[in-house]
Amino acid sequence: MLLIKNGHVKPIATEDIIGGSVLIGDNGKILEVGKDISAPDGCEIIDAEGRLVTPGCIDAHCHIGLDNEIIGKVGWDYNESADPITPHMRAIDSIYPQDEAFADAISGGVTTACTGPGSANVVGGTFVIIKLAGERIDNMIVKNPAAMKCAFGENPKRVYGDSKKSPVTRMGTAAILRELLFKAKKYYDDKKEGKNPSFDMKLEAMIPVFEGEIPLKAHAHRADDILTSIRIAKEFGLSLTLDHCTDGEVIAEELAKEGYPAFVGPTFGNKSKIELANKSFTTPGVLTKAGVNVSIITDAPVIPLRYLPLCAGLAAHAGLGLDEAWKAITVNPATALGISDRLGTLEAGKDADIVIWTADPLTQIGGEAYIALIDGKIVHSKA
């Protein structure tokens with residue numbers, strides 16, 4: 001057992017506890033969160049010495065492990081850009097846990113990420129949710145598959161239009177996606193009715209989408225692309241997350257009516273293409289005030305994953321507020337990703353993924369993980 005004591009504990013789900021403690025069981029789960037918790041016999045103790053103690057941060061959309069650091073094109077394993085429809089691609093088959101980005105992310109207080117294919121294809125394949133410490137991806141999985149990537153806007157048009165292949169227009173992107181969904185729905189219905197259609201690996205990969213087990217994960221920046229993703233998801237009765245959602249501030253009230261979660265980012269950096277014209281750190285605050293469930297994302301390696309808390313701090317300064325900014329990198333992504341039963345808050349029964357900070361990373365430049373734990377085990381320490 002392990003007791004973290006004398007911390008400024010921020011459970012996220014409840015009020016902060018000054019001089020608080022977190023008791024962790026041998027199974028890597030949180031046993032108790034509170035004040036004046038006694039250490040059981042033989043319990044290891046970490047004195048937080050007044051430091052901030054929070055759940056590990058969660059990034060709901062990145063490409064860590066598939067787009068590797070340093071090694072360039074050799075490590076670009078995130079876009080199978082030979083076919084605009086590749087739902088049978090699986091992120092787990094491209095992730096390289098030995099990439100230095102994993103240790104860097106943990107040192108920045110990020111312990112969990114949803115990672116997967118890029119946005120070259122109209123449908124790119126499945127994302128996976130992983131813990132960021134480990135040597136073998138099979139042992140790091142929280143949920144697999146976690147989502148089916150689809151992409152709207154400039155990227156599929158550029159990749160395939162330049163080769164004189166469809167999609168060339170936004171109409172083409174929507175038509176290609178609809179065609180796949182019509183075929184996949186018939187394949188799914190036929191299987192349910194015992195008609196035993198000929199095996200099709202692409203259509204087979206879409207079954208979890210129609211079963212409601214995973215959402216479409218829609219890369220969409222511009223307002224029209226966001227609303228097209230919603231239109232298509234509603235046509236087929238599918239779950240959906242709005243990833244990037246750069247123009248979300250422009251259509252905040254419309255998005256609030258629809259009720260889909262928004263994963264906002266990457267917001268730090270230049271406006272590298274036309275559909276990023278409205279990129280702003282004010283967007284998370286505007287969407288949250290409208291009633292949208294907002295998570296902040298890095299799209300790593302666009303922004304290195306370790307800077308997720310910095311992005312949350314900038315959004316807080318731009319109108320989101322500190323409490324909501326913390327939620328946007330903890331409980332909100334956990335809820336939107338369907339893993340809030342395990343992660344996102346410090347509560348009894350949840351995974352002991354915990355960060356003790358050198359300083360509050362949302363308010364102080366240079367705040368980073370002093371000690372980070374995943375499943376109750378120390379995976380990073382500056383002590």
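Analyst: A residue counts as exposed when its relative accessible area is over 50%, as buried when that area is under 20%, and as partly exposed in between. The model discussed here is predicted.

User: What percentage of the residues of the protein chain count as buried?

Analyst: Of the chain's 383 residues, 56% fall in the buried class.

User: What does the radius of gyration say about the protein chain?

Analyst: The value is set against that of a compact globule with the same number of residues. For 383 residues such a globule would have a radius of gyration near 21 Å, and the protein chain has 21 Å, so the two agree. The C-alpha trace spans about 65 × 45 × 40 Å along its principal axes. Its secondary structure comprises eleven helices and 16 strands.

User: How many aromatic pairs does the structure hold?

Analyst: There are three aromatic pairs. A pair is read from the distance between ring centres and the angle between planes; angles over 60 degrees count as edge-to-face and those under 30 as stacked. The rings of F182 and F236 have centres 5.0 Å apart and planes at 70°, so this pair is edge-to-face. Because F182 belongs to helix 3 (residues 170–192) and F236 to helix 6 (residues 223–236), the contact ties together parts that are 54 residues apart in sequence.

User: Is F182 buried or exposed, and is F236 buried or exposed?

Analyst: F182 has a relative accessible area of 54%, so F182 is exposed. F236 has 14%, and is therefore buried.

User: How is the pair of Y188 and F210 arranged?

Analyst: Y188 and F210 are stacked, with 6.0 Å from centre to centre and 25° between the planes. Y188 sits in helix 3 and F210 in helix 5 (residues 207–210), so this pair links parts 22 residues apart in sequence. Y188 is buried at 11% relative accessibility, and F210 is buried at 12%.

User: Which ring lies under the charged end of R51, and which face does K217 lie over?

Analyst: For such contacts, read the distance from the charge to the ring centre. The charged end of R51 sits over the ring of Y370, 3.7 Å from its centre. K217 lies over the face of F127, at 5.1 Å from the ring centre.

User: How many cavities of 30 Å³ or more does the structure hold?

Analyst: Rolling a probe the size of a water molecule over the atoms shows where empty space is left. Here there are two cavities of 30 Å³ or more. Among the residues lining the largest cavity are H221, H244, T246, K279 and T283. By class, this lining has three nonpolar, eight polar and one charged residues. The second largest cavity holds about 30 Å³, and its lining includes P55, L343, D351 and D353. That lining has three nonpolar, three polar and two charged residues.

User: How much space lies in the largest pocket, and which residues lie nearest its centre?

Analyst: A cavity is a space the probe cannot leave, whereas a pocket is open. The largest pocket contains about 510 Å³. Its lining consists of 27 residues, with S119, N155, K273, D299 and V302 nearest the centre. Helix 2 (residues 154–161) supplies the largest share of this lining, three residues. By class, the pocket lining has eight nonpolar, 13 polar and six charged residues.

Key
Residues numbered from 1 in each chain as written. Predicted model: local features only at pLDDT ≥ 70, side-chain atom pairs only at ≥ 80, totals over all residues. Heavy atoms only, no water. 1 Å grid on protein atoms, 1.4 Å probe; cavity = no way out; pocket = protein on both sides within 12 Å on 5 of 7 lines; lining within 4 Å. Points joined across faces, edges and corners; volume = space filled by probe spheres on them. Nonpolar A, V, L, I, M, F, W, Y, C, P; charged D, E, K, R; others polar. Phe/Tyr/Trp six-rings, centres within 6.5 Å; stacked < 30°, edge-to-face > 60°. Helix = DSSP H or I, 4+ residues; strand = E, 2+ residues; numbered from the N terminus. Buried < 20%, exposed > 50% of the residue type's maximum accessible area, 1.4 Å probe, protein only. Lys NZ or Arg CZ within 6 Å of the ring centre and 35° of its normal. Rg over C-alpha atoms; globule rule 2.2 N^0.38 Å.
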